[in-house]
Amino acid sequence: MKIHIIHIITVLFLISFVAESQTSIIIGEITHVRDGDTFEIENTPIRLAALDCPENNTPEGRYATKIAKQFVGSQASCELTGVKSYERFVGYCSINGEDYGEILISQSACKVWRKYDVWKRYTEL
């Protein structure tokens, strides 16, 4: 009986490990922008990985949000890291094949937050 229980626990552990190691991708229309680094794809909140945008209560933050709002209605593809932050899925996203984080960094006050660049996508910026 003990060996059977240990076997079941081992299988469950391996299933959870495999499930966590696979990249999830969400594709859909940007329906709402909360701020510079958070938007929604059809009511699913996405926090852009490795981005640090100023808060909306600053002129720079309002500008970053304004830039982000230009993409409402656009199709986005996000590779989710498997992490959640304040009930938001964290991911690296692209719009029309362009990295959304790079767009925001080049056009606003958003910066790379290297500590959270878990996939090292922005090492050259």
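These are my notes, in the order I made them.

**Ground rules.** I am working with a predicted model, where local features need pLDDT of at least 70, side-chain atom pairs count only at pLDDT 80 or more, and totals for chains, interfaces and linings use all residues. Residues are numbered from 1 along each chain as its sequence is written, and side-chain values use heavy atoms, with hydrogens and water left out.

**Confidence.** I looked up pLDDT, the predictor's confidence in each residue from 0 to 100. The chain averages 84, and 82% of the residues score at least 70. Over residues 3-20 the pLDDT is below 50, and that stretch has zero contacts in the model beyond near neighbours in sequence. Contact here means heavy atoms within 4.5 Å.

**Overall build.** I found three helices and eight strands. Helices (H or I, at least four residues) and strands (E, at least two) are DSSP runs, numbered from the N terminus. Along the sequence the pattern reads α-β-β-β-β-α-β-β-β-α-β. The chain has 125 residues, and 37% of them count as buried; buried means under 20% relative accessible area, exposed over 50%, and partly exposed in between (1.4 Å probe, protein chains only).

**Aromatic pairs.** How many aromatic pairs are there? I noted the rule before looking: rings of Phe, Tyr and Trp (its six-membered ring) pair if their centres lie within 6.5 Å, with planes under 30 degrees apart stacked, over 60 edge-to-face and the rest tilted. The count comes to five aromatic pairs. One of them is Phe 71 with Tyr 100, edge-to-face at 5.3 Å centre to centre with 80° between the planes. Phe 71 is in the loop between α2 (59-69) and β5 (75-85), while Tyr 100 is in helix α3 (residues 100-107), so this pair links distant parts of the chain, 29 residues apart. Both residues, Phe 71 and Tyr 100, are buried. Trp 113 and Tyr 116 also pair edge-to-face, because their centres are 4.7 Å apart and their planes at 80°. Trp 113 is partly exposed at 34% relative accessibility, and Tyr 116 is partly exposed with a relative accessible area of 40%. Ring pairs also link Phe 39, Phe 71 and Tyr 100 into a cluster.

**Nonpolar cores.** A nonpolar core is a set of buried Ala, Val, Leu, Ile, Met, Phe, Trp, Tyr and Cys residues joined through side-chain atoms within 4.5 Å. Which residues touch the most other members of the largest one? Of its 22 residues, they are Phe 39, Ile 46, Cys 78, Tyr 100 and Leu 104. Elements giving two or more residues to this core include β1 (24-35), α2 and α3. Apart from it lies another core, of six residues, among them Ala 49, Val 90, Val 112 and Tyr 122.

**A closer look at Val 112.** Val 112 sits in strand β8 (residues 111-112), and counts as buried at 19% relative accessibility. Val 112 and Asp 52 are 60 residues apart in sequence, yet 6.0 Å apart in space, C-alpha to C-alpha.

**Helix α2.** Which residues of α2 are buried? I listed Gly 61, Ala 64, Thr 65, Ile 67 and Ala 68. The face of α2 turned away from its buried side carries the exposed residues Pro 59 and Lys 66. What covers the buried residues of α2 includes β1 and α3.
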